[in-house]
Amino acid sequence: MGTLHVVATPIGNLEDITLRAVRVLREADRILAEDTRHTGKLLKHLQVTTPMTSLHGHNEKGRLDRVLEWLDEGQTLALVSDAGTPAISDPGQVVVTAAREAGHRVSPVPGACAFVAAASAAGLPTDRLHFVGFLPGRPGRRRKVFEQVLPAGGTTAVYVSPHRMVKDLGIAIEVAGTDRRGCLCRELTKVYEEFDVGTLGALHARWSKKTPKGEMVLLIGPAD
């Protein structure tokens, strides 16, 4: 039977990849990449020449039979997303589930994950951590998510897009109040890495005057 390795790749700094991940990428028969152009830059940096096949949210189900055929042939496949850990708010979960149900070995090659990196350095409580990934598109549905998780206790981690971040802060304030502690984590491990800690009200006031840019994780702390 074949093996599917779920390989975490850097979220920014290219040095944030494990020695095991580099070895697995080199030894695999094929790399399943969310964006072959993006992953190609990383492979060039690592001097890895393993062939790639695109596997993203729009073609994952359509390529499933072919991926299972490769595994049935005994091939070793490495699954990567554009950044961080595959299947965590990224493509890959469909393939992972199918490979495991078919009896193939699925092995994680752990490494970078944006919300884990953010929580580890933000200074908010991490004994209970709720990860909700990307919020729904409609404001009403985003509010429902906050209503479900914010009263539960612990710190909530949300992936936010720059053009909706201020609105998401506003919705969080409607649910949790202006005094709830939070941290906006931006461009993690990159040159302009930023951790902006304060109350939700203060964060909303500051960022309403800016033009948000870059990859962002919003952390919302527990109620006092």
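Tutor: The axes of H7 and helix H8 (residues 200-207) come within 10 Å and cross at roughly 155°. Axes here are lines fitted to C-alpha atoms, for helices over the stretch in contact, and angles run from 0 to 180 degrees between N-to-C directions. H7 is therefore roughly antiparallel to H8; angles under 35 degrees count as roughly parallel, over 145 as roughly antiparallel, 65 to 115 as roughly perpendicular and the rest as oblique. The crossing of H7 and H8 is left-handed, a term used if the near helix is turned anticlockwise from the far one by less than a right angle, with right-handed used if clockwise. On the H7 side the contact (heavy atoms within 4.5 Å) is made by Met 165, Val 166, Leu 169, Gly 170, Ala 172, Ile 173 and Ala 176, and on the H8 side by Leu 200, Gly 201, Leu 203, His 204 and Trp 207. By class, the contact of H7 with H8 has 9 nonpolar, 3 polar and no charged residues. In this scheme Ala, Val, Leu, Ile, Met, Phe, Trp, Tyr, Cys and Pro are nonpolar, Asp, Glu, Lys and Arg are charged, and the others, Gly among them, are polar.

The model is predicted: local features need pLDDT of at least 70, side-chain atom pairs count only at pLDDT 80 or more, and totals for chains, interfaces and linings use all residues. Residues are numbered from 1 along each chain as its sequence is written, and side-chain values use heavy atoms, with hydrogens and water left out.

H7 also packs against another helix. The axes of helix H6 (residues 139-149) and helix H7 (residues 165-176) come within 9 Å and cross at roughly 50°, which makes H6 oblique to H7. This crossing of H6 and H7 is right-handed. H6 contributes Pro 139, Arg 142, Arg 143, Phe 146 and Glu 147 to the contact, while H7 contributes Lys 167, Asp 168, Ile 171, Ala 172, Glu 174 and Val 175. The contact of H6 with H7 divides into 5 nonpolar, no polar and 6 charged residues. Ala 172 is named in the contact with H6 and also in the contact with H8.

Elsewhere, helix H3 (residues 64-72) and helix H4 (residues 93-101) have axes that come within 10 Å and cross at roughly 45°. H3 and H4 are therefore oblique to each other, and their crossing is right-handed. Leu 64, Val 67, Leu 68 and Leu 71 of H3 meet Val 94, Val 95, Ala 98 and Ala 99 of H4. By class, the residues of this contact of H3 with H4 are 8 nonpolar, no polar and no charged.

Thr 3 counts as buried because its relative accessibility is 12%; buried means under 20% relative accessible area, exposed over 50%, partly exposed in between (1.4 Å probe, protein chains only).

As for the whole, the protein chain has 8 helices and 10 strands, where helices (H or I, at least four residues) and strands (E, at least two) are DSSP runs, numbered from the N terminus. Of its 224 residues, 46% count as buried. The C-alpha trace spans about 55 × 35 × 30 Å along its principal axes.
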